[in-house]
Amino acid sequence: MPTFPFQQVDVFSSQPMRGNPLAVVVGADSLTDAQMQAFANWTNLSETTFLLAPRDPGAHYRVRIFTPKQELSFAGHPTLGSCHVWLAHSGKSPDRDIVQECGAGLVRIRREGTNLAFAAPPLRQSGPLDAITMLRIARGLGLSENAPMKAEWVDNGPGWTGVLLGSRTELLALQPDFSILAGLRVGVVAPVDRTQDDTDADFEVRAFTAAGFEDPVTGSLNAGLAQWLIGSGIAPVTYVASQGTVLGRAGRVHVRQDGDDIWVGGGVTTCIRGTVQI
């Protein structure tokens, strides 16, 4: 069986095992779709990525992103984790933005101190949710029908909806009913009250996936939320979001608007390095 370089990294955290894990297979051009999907199913992580030679002359590398069940055109923490591994294996340190080719097109990535950040891709669907979907989400989150709740589409590929609550305490207390939310990807965000909340972040985020579990730290969701929150004046042009608190993680997502671009970044830490046979 062919042997490939392999890393497992932790994304959106400077500390191992406190962010969102990602498996990365390097030089995977010879693998079939079925082999990639089977390996992603075996790792059983939220995403596994495969680095390949780019097809677009403007890209430094190409990545394919798989959940245990399907391929994704784009995802945030796999983008940063894959770039971290590509930099380590290529030995390159471009003096300009790194360009990743993926199913959603070309994504720009840059170094920001010790972090990596990607330019948020355009939203595929935005604007208010319809009344039926909002009612379903409210019930699935255990909120009363009269609870104050703002909700928008923040879909940049995976299909995220965004919900804004009034307090971090309310957000952390949520116990979602995934049988009601089945098929929906629901991201929930709330502002931090520095006089009451013991955190260094400005917002708290939780991500409830369509597959029925909570994601630890989610780049694509935070990118979509940032476009909504900054665009509507709810959030400043620079802020930090905390995610994964309920799961015992300490994810930190750094968001910054630069001109027309919103950059979403965080730390990446290598936890496992070796080879894998597929």
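Modeller: The structure holds 12 salt bridges. It is a predicted model, in which local features need pLDDT of at least 70, side-chain atom pairs count only at pLDDT 80 or more, and totals for chains, interfaces and linings use all residues. Residues are numbered from 1 along each chain as its sequence is written, and side-chain values use heavy atoms, with hydrogens and water left out.

Biologist: What makes Arg64 and Asp33 a salt bridge?

Modeller: The term requires a side-chain nitrogen of Lys or Arg within 4 Å of a carboxyl oxygen of Asp or Glu. For Arg64 and Asp33 the N to O distance is 2.8 Å, so the pair qualifies. Arg64 lies in strand E4 and Asp33 in helix H1, so the bridge ties together parts 31 residues apart in sequence. Helices (H or I, at least four residues) and strands (E, at least two) are DSSP runs, numbered from the N terminus.

Biologist: Why is Arg64 called buried?

Modeller: Buried means under 20% relative accessible area, exposed over 50%, and partly exposed in between (1.4 Å probe, protein chains only). Arg64 has 15%, so it is buried. Asp33 has 46% and is therefore partly exposed.

Biologist: How do you know that Arg252 forms a salt bridge with Asp200?

Modeller: Their closest N and O atoms are 2.7 Å apart, so the pair meets the criterion. Arg252 is in strand E16 and Asp200 in the loop between strands E12 and E13, 52 residues apart.

Biologist: Why does Asp200 count as exposed?

Modeller: Asp200 has 52% relative accessibility, so it passes the cut-off for exposed. Arg252, at 23%, counts as partly exposed.
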